[in-house]
Amino acid sequence: MIQILYDDVIAAISTPAGTGGIGIVRLSGEKAFDIADQIFKSPSGTKISEMPSHTIHYGHVVNLEGRVIDEVMLTVMKAPKTYTRENIVEINCHGGSTVLNMVLQTVIDAGARLANPGEFTERAFINGRIDLSEAEAVMDVIDAKTEAGVAYSMNQLSGGLSKKYEAIDKGLLHLLTYIDAALDYPEYDVEEVTERELDENIRHLSGEVDALLESAKVGKIMRDGIDTVILGEPNVGKSSLMNKLFREDKALVTNIPGTTRDTIEDYINIGGVPFHIIDTAGIRETSDVIERMGVERAKQMVSQAELVLFITDVSRETQQNRQEWQNLLQDKKVIYIYNKSDLIDSNAQSELKEDLQDNEVVLSIKTEAGLEKLKKKMVKMAIDSETVQPSDNPVVSNVRHISLLKKVKADLKSAYASLTAGMTMDIIEIDLKEALDHLRQITGKSLGDDIIDQIFANFCLGK
C-alpha cells in the first residue's frame with residue numbers, strides 16, 4: 001500500500017462559486033497542520049497538531065502580518081483516517097467569494113500551493129484509499145441528475161463495482177497460474193486438466209464481462225440522461241407537453257403556428273431516469289427564414305436523439321408528408337402520441353385505443369388523461385424495464401470502463417478461439433495476459449501517469 005507520496009501541501013476552495021452562508025477552504029498534506037498553525041488563532045492557543053483528530057475548533061484566520069481575515073470554525077483530521085490518507089484541515093469561513101479567496105491566499109502565502117483539479121481525489125487514489133474506478137465515481141456522484149443516479153454512483157464509490165472487477169482479476173490470475181503449471185512442469189501431464197479448467201472458466205469470465213457491458217446500457221443513461229426530442233407539426237401540443245412534464249412553463253404556448261423557433265431543453269427525472277427533454281420547432285414548409293432555421297435544427301436534433309416523442313393532433317388531419325416522417329424517424333426509438341383526444345367524441349376515442357401498439361399512447365395534454373401512461377412508456381423505452389433496477393446492483397457508466405471492458409471481452413474471445421482450435425498454451429496465455437492488463441487499466445493497477453493525470457484533470461477544483 002502506497003502511503004503519503006507528497007511533501008507539499010495543497011489547498012483549494014471546496015464549495016461552489018457564489019455567495020453562501022458557509023464556504024470551505026481545504027488543505028491536505030503531511031505539513032498541513034504546520035501551515036494552518038501559522039494562520040489560525042484559537043482562544044486557547046492550542047496548536048493544531050495537539051488537537052484531537054476529527055474535531056472542530058473556533059478561532060480566527062489571520063494573515064502573516066497578524067491582521068484578522070475571518071472568524072472561522074476549523075476541522076482537524078489526522079492521517080491516515082482521512083479522505084486523502086494525509087493530514088487534512090478544513091477551514092469553514094463565511095461564504096462570500098471575497099473572504100474565501102482572502103483565506104485561500106493567506107494559506108498559500110503560508111506555504112501551501114493551489115491544488116490542481118481533482119488532486120485531492122488523486123491523492124486518495126495514489127495513497128491507496130480508493131481504486132481508480134471508485135475515484136471516478138466521485139464525479140459521477142457530483143454530476144448525478146436523479147436520486148437513482150446518486151445511488152448507483154455511491155454503490156461504485158463504496159466499492160460495489162470494484163468487487164466485480166476484482167473477481168474477474170482473480171479469475172484471470174487463476175487461469176494464468178494453471179497455464180504456467182502446464183508450461184513449467186510438462187512432465188506432470190497437467191495439460192488435459194488445464195484445458196478443462198480454461199474452457200469452463202473462460203466462458204464464465206466472458207459471461208461476467210458481458211453482464212457488466214449489459215449494465216452499461218442503464219449506467220450510461222443514469223450518468224448522462226437520455227436525449228429525448230419532442231417532434232411534430234406546429235400546434236400539435238409539443239410545448240404544452242414539455243410544460244406538463246416539467247410542471248412549469250418552460251416553453252411559450254400560443255395558438256399561433258411557428259411560435260417555437262429554436263430548441264428548448266432541460267433535464268427531468270421520470271421514474272428515476274434522467275431525460276434530457278428537447279422541445280423543437282414544428283416541422284412544416286415555411287417561408288419564414290428564422291422558422292425554417294428552427295425546422296432544420298429540429299431535424300438535426302432528431303438525428304442525435306435516443307428517444308423521440310412524436311405528437312400528432314387527432315382532432316385534425318396531418319399536413320406533413322408521411323414518408324418524410326418515416327425517413328426522419330428511421331432506426332429511432334419512437335413513442336407515437338395521439339394528442340387532443342378530448343376534442344374527439346367517445347366513439348372516435350374507442351376506435352383510436354383499439355389497436356394501439358406498445359409504442360403508442362392516446363393523450364389529452366389539457367386534461368392530462370394518458371400522461372402517466374406516457375411517462376411509464378418513456379421509462380420502459382429508455383431502459384427496457386418499467387422500473388429502475390435496485391441500486392445495489394453495480395452498473396458500469398463510465399465510457400473509459402466500457403471501452404476497456406470491450407477489449408477484455410475481445411481478449412477472452414480470442415483466448416477461447418485459440419483453445420478450441422487446439423493452439424498451444426503459450427498462445428492462449430498471451431490473450432489472457434492482455435485481458436488482465438486491460439482490466440487493470442480500469443482499476444488503475446496498470447495505467448500510465450499521463451492517463452491518470454488526464455482523468456483527474458476532468459474533476460472540479462477542490463475535490
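1. First, a term: a nonpolar core is a set of buried Ala, Val, Leu, Ile, Met, Phe, Trp, Tyr and Cys residues joined through side-chain atoms within 4.5 Å. Buried here means under 20% relative accessible area, exposed over 50%, and partly exposed in between (1.4 Å probe, protein chains only).

2. A word on the basis: this is a predicted model, where local features need pLDDT of at least 70 and side-chain atom pairs count only at pLDDT 80 or more, while totals for chains, interfaces and linings use all residues. Residues are numbered from 1 along each chain as its sequence is written, and side-chain values use heavy atoms, leaving out hydrogens and water.

3. Now the largest nonpolar core: it has 33 residues, and Leu-241, Phe-275 and Leu-374 touch the most other members. Helix H12 (residues 371–383) gives the most to this core, with seven residues; helices (H or I, at least four residues) and strands (E, at least two) are DSSP runs, numbered from the N terminus.

4. Apart from that core lies another, of 30 residues, including Leu-205 and Ile-402.

5. On to aromatics. Rings of Phe, Tyr and Trp (its six-membered ring) pair if their centres lie within 6.5 Å, with planes under 30 degrees apart counting as stacked, over 60 as edge-to-face and the rest as tilted. That rule gives one aromatic pair. The rings of Phe-310 and Tyr-336 have centres 5.7 Å apart and planes at 75°, so they sit edge-to-face. Phe-310 belongs to strand S11 (residues 307–313) and Tyr-336 to strand S12 (residues 334–339), 26 residues apart. Phe-310 is buried, at 8% relative accessible area, whereas Tyr-336 is partly exposed, at 26%.
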